[in-house]
Amino acid sequence: MKTNQLLQVALILRFIRLIMAIVRALLSRASSVHFQAGQAQKLGAAFTVPCRYESTNLKDALKQKVPAEQDNVKNFRKEHGSTVIGEVTVDMAYGGMRGIKGLVCETSVLDADEGIRFRGYSIPECQKLLPKAPGGEEPLPEALFWLLVTGEVPTEAQVKALSQEWASRADLPQHVVTMLNNFPNHLHSMAQLCAAASALHSESKFAKAYASGIPKTQYWEYVYEDAMDLIAKLPPIAATIYRNNFKGGSSVGGIKSDADWSKNFCSMLGFEDEKFVELMRLYLTIHSDHEGGNVSAHATHLVGSALSDPYLSFAAGMCGLAGPLHGLANQEVLVFLTKIANSIGADASEDKLKEFLVSELKQGRVVPGYGHAVLRKTDPRYTCQREFALKHLPNDPMFKLVSNIYKVTPPVLLDTGKIKNPWPNVDAHSGVLLQYYGLKEMNYYTVLFGVSRALGVMASLIWDRALGLPIERPKSMSTPGLMKLVKAKK
């Protein structure tokens with residue numbers, strides 16, 4: 001009997017030691033996460049730590065994250081749902097709703113003084129932390145998409161798996177190929193992109209699942225599938241448009257399963273220069289997301305809130321991106337640079353350049369690529385493109401002109417007394433880089449922007465459905481109604 005008791009005591013002690021070992025391991029892990037979070041906050045990043053999921057399947061990683069985030073938002077709304085977060089003025093109502101805090105966007109936040117942060121990470125931090133192609137220096141867009149969707153920095157294995165998955169989903173349905181090939185080449189490239197995205201509605205897994213009566217809790221899973229398919233199919237769509245419009249309808253070739261998304265896209269466009277591929281990796285990363293209030297992001301979110309499938313929602317966003325006040329700005333910058341070069345020379349002195357700019361402003365014109373609705377400093381997206389140019393094309397005449405404009409323009413604009421933000425935005429630089437590497441067709445540039453923007457708006461759309469956000473329906477008022485309201489408040 002005593003022997004049995006001793007054995008029982010020994011087993012209990014062993015069990016206690018096992019439990020203590022598990023507790024110590026958990027405490028050690030928590031300490032590590034806390035340390036990483038502290039480091040991220042020191043860098044100015046949000047509480048976002050390197051990827052904790054071993055799975056290389058993005059959907060599996062997302063499945064682990066969605067329930068916790070749903071509970072987090074539910075509890076937050078329960079406790080603070082009635083808290084006032086801002087006010088609305090008459091000028092805001094007439095002024096494009098600028099400054100109104102009325103949208104939730106999980107993927108990125110734009111700060112007026114420091115620029116965009118993707119899930120808490122600045123562009124320089126993303127350039128440092130996100131996985132790159134072998135031998136490359138710029139982050140892979142696949143890595144940014146993983147970050148936007150999960151909030152965590154992926155491993156190289158996870159990024160490689162995502163590249164391979166997009167390659168496997170890239171085939172276009174024949175009716176979309178036929179439609180693209182039948183478009184006249186004078187139809188603007190963005191109109192063709194919008195049409196092709198809408199035509200992919202025939203492939204929507206979400207639309208089919210919704211029609212079959214799936215529960216709301218599963219909406220996000222089918223939106224995810226459509227988003228992945230759409231992103232995978234955009235390079236062959238965009239390349240087909242380019243080849244048809246500018247290269248006599250030559251073949252785009254096939255997708256290489258061992259190449260990353262940007263590499264495949266460049267090959268289909270007909271560009272094999274590795275430096276151009278690196279530029280595209282950077283371009284497709286930095287143009288991907290700019291919080292939720294810009295036209296393309298908001299339009300995608302708005303149409304998606306009606307439970308239109310991701311293809312139709314993206315098409316709506318692209319119709320907005322096609323507008324000259326949104327996605328055509330880099331094209332206008334190039335036209336302006338050409339005008340300067342033809343008028344006073346690309347190598348004009350700073351004094352002559354200043355005289356030219358002052359003359360333009362006096363005639364009621366603007367300096368394209370300068371100013372932003374939110375930013376109050378040089379756009380970090382401009383800065384990283386400038387750094388790329390300094391490294392790879394420092395002696396290019398058009399880059400030198402862009403650099404001189406950067407020196408001269410801000411003080412000229414400030415002297416007018418009318419400009420709050422005299423600093424360059426992303427569009428002030430991107431066109432010159434594309435021109436340098438031989439992609440000279442300006443009417444096509446917005447398509448590149450659209451391919452990139454898909455990463456941000458699709459990541460957001462997945463979370464819109466995961467969090468069960470309702471159809472968007474703000475209250476509008478008439479001018480007489482506003483006057484009556486203002487009078488009543490006096």
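Two strands are taken to pair if DSSP finds at least two bridges between them; strands (E, at least two residues) and helices (H or I, at least four) are DSSP runs, numbered from the N terminus. In this predicted model, local features need pLDDT of at least 70 and side-chain atom pairs count only at pLDDT 80 or more, while totals for chains, interfaces and linings use all residues. Residues are numbered from 1 along each chain as its sequence is written, and side-chain values use heavy atoms, with hydrogens and water left out.

By that pairing criterion, strand S2 (residues 115-118) is joined to S3 by two bridges, and the two run antiparallel. Across this pairing, phenylalanine 118 stands opposite tyrosine 121 in S3. The open sheet has three strands in the order S1-S2-S3, with antiparallel pairing. Strand S1 (108-111) and strand S3 (121-122) form its edges, each pairing on one side only.

Overall, the protein has 21 helices and three strands. Of its 490 residues, 48% are buried, where buried means under 20% relative accessible area (1.4 Å probe, protein chains only).

The largest nonpolar core contains 119 residues, among which Phe145 and Phe265 touch the most other members. Such a core is a set of buried Ala, Val, Leu, Ile, Met, Phe, Trp, Tyr and Cys residues joined through side-chain atoms within 4.5 Å. Helix H10 (residues 219-246) supplies the largest share of this core, 15 residues. Beyond its neighbours within four places in sequence, phenylalanine 265 is in contact with Pro235, Ala238, Ala239, Met280, Leu284, Tyr444, Leu448 and Val451, contact meaning heavy atoms within 4.5 Å.

Key. Buried < 20%, exposed > 50% of the residue type's maximum accessible area, 1.4 Å probe, protein only.
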